[in-house]
Amino acid sequence: MAVETRVLDDDCVPISGWARTSPTLARVRRPRGSAEVAAALRTGDPRGALARGLGRAYGDAAQNAGGTVLDMTGLARILAFDAAAGLVVCEAGISLHRLMTALLPRGFFLPVTPATRYVTAGGAVAADVHGANHPGAGSFARHVVALDLLTPDGEVRTALPGTPLFDATTGGLGLTGIVLTVTLRLLRVETSLLSVDTERVRHLDELMARLAVAPPGREGAPPAYEIARIDPLARGAATGRAVLIRARHAPYAALPRRHPARRAPLAFRPVTLPAPSPYVPGGLLGRTALGLAGALRYGAAPRRSTGRLRPLSAVLHPLDALPHGNRLYGPGGFVPYRCAVPYGQEETLCRIVRRIAARRFPALPAVLTRFGDAGPGWLSYPLPGWSLGIDLPAGLPGLPAFLDALDEEVLGAGGRVQLAADSRVRPGAVAAMYPRLADFRALRAALDPGAVLRSDLSRRLAF
Ligand SMILES: Cc1cc2nc3c(=O)[nH]c(=O)nc-3n(C[C@H](O)[C@H](O)[C@H](O)COP(=O)(O)OP(=O)(O)OC[C@H]3O[C@@H](n4cnc5c(N)ncnc54)[C@H](O)[C@@H]3O)c2cc1C
C-alpha cells in the first residue's frame, strides 16, 4: 500500500473502514468551517469528494479512492441547546461521545445510540444508525428535527423530515450532500445508569421463545434496550445459547438510599482500558482466544439477575472500553456481517445462526436485536424484524462464498444487509434488498449531475 501511495500522489494517504479490509488512498482535507467545506467541494476533484466522520463505518462507505475525503471532525461545536424544548443544534463532526459528555450532566441523553459512541452526528445521520432500543425509539432520523446540508451545487439547504431530500439523506451514506449541522430532539433522563436484567439462555429455541414477547418500549415508558449476545462456538444442542440483556433508564427514585450515584446521578465516566499493542496476534492463538471470549462471556454472565444498576456506557458501548478494538482480529482485519430479516422469517434467521455455528468461526459473540417499524430513510437498514451481526476474521477459508450464501438466504426472506457495514455484497442483490434504491438514484442524478459526491461504495454498487 505504501508503494501505491507514492505512485499515485504524494498528497494521498491510505484510509480504511473500521474493519480494515480494503484500504484505499485519498486526499484528506480537514475543513474548519462550512466555508472551507464548500471551497473543498468547488475544487472539482475528478474522482469526486466525500464527507467522512470518525471512520466507524466498517466497509467502504467512508472511502473515496483517488479522490477527496473531507474529514468533518473539525466542525464539532454545539451551536445551541434548549433545555425546555429538549433540543440541541450541533455541527456534524461532533462525536456522540462529546454530545453525551456535554448533555448527560444536564439531564439529557441521545434517544438513539449505536454500539459505539465514537461516531459523529453527521455519520449517525448518513447511516441512519440504530441502537438496541429500535422497537421503541426507531432509528436516528426519527429524532432529527432539521439538517443543514451542503448540496453538490454549492447551496446550503435545510432538509426537513417528510421531504424527499431528508429521506434520501438519512441513510444516504453521504451521497446527497454534506451534512453541516444537525438539530436533534433529546431524551430526558434522571440518571446515567441503566437498570439491567440479564439471563443466560441455553439454546436457540429458548432464545427465540424469550424474544417472542411484545417488543420492548411500551407506550409512554422510556424506551427499553434489548440485546442477545450469542456464543458463536456453541454447537449441537447448545447452538444459539446466549446472554440476553434488557435495560431501562433508571429513574432517580430507583437508586437505593446509600447508592454512590445519589450524589452525582448524572455523572458520565465511561471506562477506557489502555490501548493494546498495535496488533493482538492474528494467528491461531488470537483466533482461538477470540472464540473462547464468547464462551467465557456466556459462562461469566449471571444465570439470571434483575434490576442491576450499571453505567449506561458499560451496557450500550462495551467495545468502546477498548481503544482500537478493531485490531483484535490482526492485521488482515475482519468481515462484519449485518443482516436483517422480517418478522415471520424466523426459520431463516435460525438457519443462519445454525449455519454460522456449524462453521465454528473464531469470533466474538454474535449480536441479535429486534427492530420496530422502519423509518422513512430510503436506504435505511432497519425493517420490522430481526437484526443479526457477527464479525469474522478476514481470510478464513471459504468465507466469501459462505457469506454470499447467507446473502441468498437473507434475500429470499425479504431481508437486507446493512450498507454501512458492508464491503462485499453483490450490486444486483442491493436493488432487491432496498426497494427505494431507484428513487435514490433518480434524486442523486437530479441533485448531482456531475457526480461530485462519490465513494468507494457508490462506485462498487453503482449508486
Ligand atoms: C464498534 C461499532 C459498533 C457499531 N454499532 C452500530 C450500531 O449499533 N448501529 C448502527 O446503526 N451502526 C453501528 N455501527 C456503524 C456506525 O455507527 C456507522 O457506520 C456510522 O455511520 C459511523 O459514523 P462515523 O462518524 O464514524 O462516520 P464514517 O464512518 O466516517 O462515515 C460513514 C458514512 O457517513 C457519511 N458521513 C459522515 N459524515 C458525514 C457528513 N457530515 N455529511 C454527510 N455524510 C457524512 C460518510 O460519507 C459515510 O458514508 C457501529 C460501528 C462500530 C465500529
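Mentor: Happy to: E91 has T181 in β10 as its bridge partner. This is a predicted model, where local features need pLDDT of at least 70, side-chain atom pairs count only at pLDDT 80 or more, and totals for chains, interfaces and linings use all residues. Residues are numbered from 1 along each chain as its sequence is written, and side-chain values use heavy atoms, with hydrogens and water left out.

Trainee: Over how many bridges do β6 and β10 pair?

Mentor: Over 5 bridges, in the antiparallel sense, with β6 at residues 87-91 and β10 at residues 178-185. Strands here are DSSP runs of E, at least two residues, and helices are runs of H or I, at least four, numbered from the N terminus. Two strands pair if DSSP finds at least two bridges between them.

Trainee: In what order do the strands of the open sheet come?

Mentor: β5-β6-β10-β8-β9, 5 strands with antiparallel pairing. β5 (78-82) and β9 (156-159) each have a single partner strand, so one side of each lacks a neighbour in the sheet.

Trainee: New topic: which residues of α3 are buried?

Mentor: In α3 (residues 96-103) they are L96, H97, L99, M100 and L103, with buried meaning under 20% relative accessible area (1.4 Å probe, protein chains only). Seen down the axis of α3, they fall within an arc of 160°, so they line one face of the helix; the arc is that of the directions from the helix axis to the C-beta atoms.

Trainee: And what do they pack against?

Mentor: β5, β6, β7 (108-109) and α4 (121-126), where contact means heavy atoms within 4.5 Å.

Methods:
Buried < 20%, exposed > 50% of the residue type's maximum accessible area, 1.4 Å probe, protein only.
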